[in-house]
Every structure is written in C-alpha cells, then in structure tokens.
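Welcome! Please take a look at the structure below, and then we can walk through some of its features together.

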Amino acid sequence: MKGFSDILPPETGRWRVLEERAREVLGGFGFSEIRVPVLERTELFSRSIGEETDIVEKEMYTFTDRSGELITLRPEATASVARAYIEHKMYAFDPMAKLYAIGPMFRHEKPQMGRYRQFHQIDVEVFGISHPMIDAEVMAILMYYLSIVGAKGCALQINSLGCPRCRLPYKEDLQAFLRGHFSQLCPDCQRRMEKNPLRGFDCKVQGCQEVMSKAPLVEGYLCQDCAEHFARVRAFLETIEVPYSVNPRMVRGLDYYTKTTFEVVAEGLGAQDAVAAGGRYDHLIEDLGGGNIPGTGFAIGMERLLLTLPEAPPSRGPSLFIAALGEEAQREAFNLSYRLNLAGVTTMVDYEGRSLKAQMRRANKFGALYALIIGEDELRKGKVILRDMKERRQQEIPLPSVFEEVISWVGGGSSY
Ligand code: HAM
C-alpha cells in the first residue's frame with residue numbers, strides 16, 4: 001500500500017541501533033518505557049489534537065469496528081500516553097512521570113520523501129512538571145541523542161505559543177488581520193480562520209504564505225507568566241550550552257500546545273525537514289479528564305532521522321558454513337551447527353544434500369568466513385576439514401575436538 005513500507009535487513013539493523021541508543025539515553029535520564037495500543041477511540045485524538053487540525057480533519061485512519069465503535073489508528077502518541085497516565089492513575093504516587101514510547105503512527109498524508117502513511121516515532125513525555133527547566137532538559141536530551149546517533153546539520157528552533165489567557169487577544173487580532181485579507185486566503189484557511197486562525201502559519205499555499213508573512217506574531221502578546229517562562233527556558237538552554245534559535249512563526253500542527261514549542265530541522269531533507277518536534281501542553285491532562293497536571297515532550301520521526309544518517313553497511317555472512325555429504329555427515333552437521341549457533345557462532349548448513357562443489361558455492365555466495373567440510377570418507381576416518389575461506393588455508397581436525405577448534409578459529413559472537 002502507498003506510504004506503507006517493509007523494512008528489510010540489513011536496514012533493520014539501523015533501526016535497532018536507533019532504538020537501542022534511545023533506550024540507553026532515555027533510561028540514563030530516568031525515563032521508563034510505556035507501550036500503548038495502536039488503536040484508540042477516535043474522540044481521544046479529536047479532543048486532544050484538535051478538531052480543526054489537518055491531522056484530525058484529513059489524515060486519520062478512522063473506522064467503525066464490528067461493535068460499531070468509532071476507532072482510529074494513532075496518528076501520534078502523546079494523546080495515548082496521556083490517556084494511559086490518567087486511566088492508570090500514574091499520578092497517584094507522584095504527578096511526575098517520565099515516559100517514552102517507540103512505535104508506528106499512521107497518517108493519511110500524501111507520501112513523498114520523509115512523509116509516509118505509516119511512520120515511526122520515538123516519543124518522549126514528561127508529566128507533572130511546570131518548571132521551565134524540564135523544557136530545556138527534554139530539548140537537551142533530544143539534541144544529545146541526535147548527536148550520538150550521528151545526525152548531521154540539526155538545528156533547534158524554539159517558540160512560545162503562550163497560554164489560553166494571552167492567546168485569546170492574540171487570536172482576535174490575528175482573526176481581524178485575516179478578515180482583512182480574506183480573499184487572498186485558500187479555502188482551508190478561510191474556513192479555519194474563525195476557529196483556528198494559527199493554522200495559517202503552516203499553510204503551504206503561496207498566497208497564504210504571503211499574507212502570513214505580515215501577520216501579527218504571538219510573541220507580542222505573551223502574558224507576564226508566559227514571557228517569563230520562555231525567557232527562563234532560553235536561559236536554561238544556555239546554561240547547558242544547547243544552541244537554539246527563536247522561530248516566532250512556528251505554531252505546530254497540534255492544538256494542545258501551550259508556552260514552549262520546538263522543532264529540530266535537518267539539512268538535506270527537502271520539504272519535510274522536521275526530524276523531531278514537541279512542546280509543552282499544560283491543559284491536555286485536564287482536558288482529557290485528569291487533574292490539573294502539566295506536560296511537556298517531543299517525538300522524533302525515525303524515517304526522517306534515518307534519511308540524515310549514512311546507509312547500512314551490507315550484511316555480513318555467517319561465520320561458518322558446514323558442507324556435509326551423505327546422511328550420516330548431515331546428521332553430524334545438524335548437531336554441530338545447532339550447538340555452534342547456541343555458542344554464538346552463526347552457522348549455516350546446506351539442507352538440500354547438494355554436491356560438495358555446490359555447497360561450497362553457497363558458502364561463497366553467503367560470504368561465510370569459514371567452512372567445515374564433513375565428507376563421507378573423512379567421517380569414516382573420524383576427521384573433518386576446517387577451511388579459512390579468505391586465506392584459502394585448511395586443516396584436518398579430529399571429530400571429537402571440532403567444536404572447540406571451530407570456536408578457537410572463528411570465535412563467538414553472532415554476525416546477524
Ligand atoms: P508532530 O510534529 O506531528 O508531533 O510529529 C513529530 C515528528 O514525527 C515530525 O517532526 C516528523 O519527524 C515525524 N512525522 C510526522 N508525520 C510524519 C509522516 N507522515 N511521515 C514521516 N514522519 C512523520 C507529534 O506527533 C507530537 N505528538 C510530538 C510531541 C510529543 N509533542 C509533545 N510530546
């Protein structure tokens with residue numbers, strides 16, 4: 001299906017590295033993994049992401065299940081993690097929770113480079129901390145992670161969207177401005193103008209972009225609390241020497257954000273250049289029926305991150321290929337290969353009973369480092385041949401010590 005991909009070896013190895021590094025870094029900062037379902041009730045997403053957003057209006061995979069319930073494949077993880085936090089009363093012990101989730105998300109967007117219908121996120125959420133220090137901390141963790149996995153040319157952009165209190169007068173002024181340019185706006189922006197005028201900043205239509213370049217910005221409207229919060233976030237970023245720039249036009253495509261928002265853009269990604277994005281959402285938990293508990297977090301787009309990294313090296317072959325001739329030799333090969341695999345020597349056998357020549361061709365084709373040849377004659381003499389495929393040297397080995405000999409030649413450790 002368009003926008004849905006298989007991830008094949010050796011590519012899967014790159015995914016595993018990203019996931020393992022994420023677990024190490026996040027674990028080190030005191031985060032725990034949470035796993036949430038890929039399906040949720042539709043209203044969870046419409047209430048949290050916002051009815052008037054592209055995601056909810058156009059992009060969700062929504063359907064009724066066999067019991068008539070309206071359900072949606074998750075387009076993001078924040079709403080699900082927040083739901084789980086509330087449902088399991090994770091705040092009961094302490095409101096603070098540092099969680100991460102890794103997995104697929106689904107959005108029915110037009111596929112292009114860096115934009116898919118099934119994509120994967122490393123999603124990070126912190127609940128229960130309103131202090132600006134945590135905003136700076138999650139951004140620092142994100143930038144550190146991106147640097148250790150080798151992402152190049154990443155730049156952190158930050159903004160503040162204020163709180164509902166300061167956003168109200170801003171929205172009114174923005175609406176008044178947009179009304180004055182109504183005829184220049186695309187039908188989507190015209191329709192959304194009344195309920196969600198901020199969306200105009202994300203619109204890709206050229207006419208709208210021209211109008212929005214002159215639109216009032218939220219920075220001039222921040223209340224004292226929000227302005228102070230933003231200044232402190234910046235100061236904390238400077239304390240730990242995380243470079244950033246302020247992008248006053250960044251509004252984000254989801255409605256739950258308050259105060260701090262951020263995106264990391266990477267070079268060479270074309271139009272879809274945001275590798276990761278996030279921000280603070282101080283009212284989401286309350287809006288979903290939980291207490292007055294703030295939140296902040298981000299998600300990394302794994303496909304986009306991989307586009308910024310070098311390609312996977314070709315897969316290595318098995319360490320050992322056992323070529324066996326005849327029923328008796330095959331049984332010996334089967335036994336040895338099973339035990340060697342358990343011992344960490346990746347071993348392959350030929351299952352088809354081909355000729356010795358054909359088996360050696362397969363050993364070469366799969367790039368085996370060593371071959372063990374168990375012929376009928378050798379077996380009768382209680383001997384096998386161990387061959388170094390690269391050096392082209394070989395040695396006869398007595399059958400009883402073959403296991404130990406192979407381990408000492410080949411060494412342990414799987415190559416897959
Ligand atoms: P988002 O900006 O919608 O935010 O997505 C975060 C990242 O996911 C994007 O920066 C991008 O790398 C990746 N992404 C999004 N859509 C696609 C797509 N169609 N194909 C490939 N990659 C994509 C969120 O999802 C928020 N939940 C982030 C967050 C967590 N905010 C607070 N906590």
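## The largest cavity

Four elements, α1 (11-28), β6, α5 (132-148) and β11 (295-301), each supply at least two residues of the lining of the largest cavity. Please keep in mind that this is a predicted model.

The space in the largest cavity comes to about 50 Å³. Its lining is made up of Ala22, Val25, Leu26, Ile122, Val124, Ile141, Leu142, Tyr145, Phe298 and Ile300. Sorted by class, this lining has 10 nonpolar residues, no polar residues and no charged residues.

## A second cavity

How many cavities of 30 Å³ or more does a search of the whole structure find? The search finds two. The second largest cavity has a volume of about 30 Å³.

Around the second largest cavity sit Leu178, Leu185, Cys189, Arg192, Asn196, Pro197, Arg199, Gly200 and Met212. This lining is divided into five nonpolar, two polar and two charged residues.

## Nonpolar cores

Next come the nonpolar cores. The largest of them has 53 residues, and Val81, Phe127, Leu174, Leu178 and Phe201 are those with the most contacts inside it. Two or more residues of this core come from each of α2, α3, α4 (78-87), β5 (97-106), β6 (118-127), α6, α8 (206-212) and α10. The element that gives the most to this core is α4, with six residues. Another core, of 41 residues, lies apart from this one, and includes Ala22, Ala266, Met302 and Leu305.

Which residues does Val81 touch, not counting residues up to four places away in sequence? They are Ile34, Val36, Leu99, Ala101, Asp123, Glu125 and Phe127. Leu178, one of the residues with the most contacts inside the largest core, also lines the second largest cavity. Ala22, for its part, belongs to the core of 41 residues and lines the largest cavity.

## The second largest pocket

Now for a pocket. The second largest pocket holds about 480 Å³ of space. It is lined by 24 residues, of which Arg167, Asp255, Tyr256, Tyr257 and Asp287 are the closest to its centre. The elements giving two or more residues to this lining are α2 (42-49), α6 (164-180) and α10 (284-287).

With four residues, α6 gives the most to the lining of this pocket. By class, the lining has nine nonpolar, six polar and nine charged residues.

## Salt bridges

The count of salt bridges comes to 27. In one of them, the side chains of Glu33 and Arg35 meet at 3.1 Å, N to O. Glu33 counts as partly exposed because its relative accessibility is 30%, while Arg35 counts as exposed because its value is 68%.

Lys58 and Asp54 form another salt bridge, with their closest N and O atoms 3.4 Å apart. Both residues lie in helix α3 (residues 54-59), four residues apart, or about one turn of the helix. Lys58, at 44% relative accessibility, is partly exposed, and Asp54 is partly exposed with a relative accessible area of 30%. A salt bridge also joins the side chains of Glu57 and Arg192 (2.8 Å, N to O). This pair links distant parts of the chain, as Glu57 is in helix α3 and Arg192 in helix α7 (residues 187-192), 135 residues apart. Is Arg192 buried or exposed? Its relative accessible area is 6%, so Arg192 is buried. Through shared partners, salt bridges join Asp54, Glu57, Lys58, Asp188, Arg191 and Arg192 into one network.

How values were computed:
Residues are numbered from 1 along each chain as its sequence is written. This is a predicted model: local features need pLDDT of at least 70, side-chain atom pairs count only at pLDDT 80 or more; totals for chains, interfaces and linings use all residues. Side-chain values use heavy atoms; hydrogens and water are left out. On a 1 Å grid over the protein atoms alone, a cavity is a set of points where a 1.4 Å probe fits but cannot get out, and a pocket is an open set with protein on both sides within 12 Å along at least five of seven lines; lining residues have an atom within 4 Å of a point. Grid points are joined across faces, edges and corners, and a volume is the space filled by probe spheres set on the points. Ala, Val, Leu, Ile, Met, Phe, Trp, Tyr, Cys and Pro count as nonpolar, Asp, Glu, Lys and Arg as charged, and the others, Gly among them, as polar. A salt bridge is a side-chain nitrogen of Lys or Arg within 4 Å of a carboxyl oxygen of Asp or Glu. Buried means under 20% relative accessible area, exposed over 50%, partly exposed in between (1.4 Å probe, protein chains only). A nonpolar core is a set of buried Ala, Val, Leu, Ile, Met, Phe, Trp, Tyr and Cys residues joined through side-chain atoms within 4.5 Å. Contact means heavy atoms within 4.5 Å.
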